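Me: I would like to go through a protein model by question and answer. Please show it to me.

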Amino acid sequence: MGIIAWILIGLIAGAIAKALTPGKDPGGCLVTMVIGIVGGLLGGWLGKVIFGVHSINGFFHLSTWIAAIIGSVIVLFAYRMITGKR
C-alpha cells in the first residue's frame, strides 16, 4: 500500500513542483505525471535513507508531502538538464 500512496502523492507533487519551478518545461501533462511519480518515490526513498525512518509518517502528514515535492523538484531539474533546450 505504501508504493501506491507514494504514486498518488507523486501525481500531485509533480504538479506542485512544476508550479514552483520557474521556466518553461519541455514536457506536457504526461511528463509531469511521470516526473511526479518518480519524484514521489525518490522523496520517499530519500526520507528512509537520510532520516532512517521506516516509513514517512503517512499520507496526510506534512513531512510526506514535503519529501514528495522535494523529490519531484529534484527529478524535474534533472529532466531539464538532460533534455536542455530543444
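Reply: Helices (H or I, at least four residues) and strands (E, at least two) are DSSP runs, numbered from the N terminus. This is a predicted model, where local features need pLDDT of at least 70 and side-chain atom pairs count only at pLDDT 80 or more, while totals for chains, interfaces and linings use all residues. Residues are numbered from 1 along each chain as its sequence is written, and side-chain values use heavy atoms, with hydrogens and water left out.

Me: Which pattern does the protein follow along the sequence?

Reply: The protein has three helices and zero strands. Read along the sequence, the pattern is α-α-α.

Me: Is Cys29 buried or exposed?

Reply: Cys29 lies in helix 2. Buried means under 20% relative accessible area, exposed over 50%, and partly exposed in between (1.4 Å probe, protein chains only). The relative accessible area of Cys29 is 59%, so Cys29 is exposed.

Me: How far apart in space are Cys29 and Gly14, C-alpha to C-alpha?

Reply: In sequence, Cys29 and Gly14 are 15 residues apart. In space, their C-alpha to C-alpha distance is 9.7 Å.

Me: What percentage of the contacts with a separation of 6 or more comes from residues 24 or more positions apart?

Reply: Contact means heavy atoms within 4.5 Å. Of the contacts in the protein with a separation of 6 or more, the share from residues 24 or more positions apart is 78%.

Me: What percentage of the residues of the protein count as buried?

Reply: The protein has 86 residues. The part of them that counts as buried is 37%.
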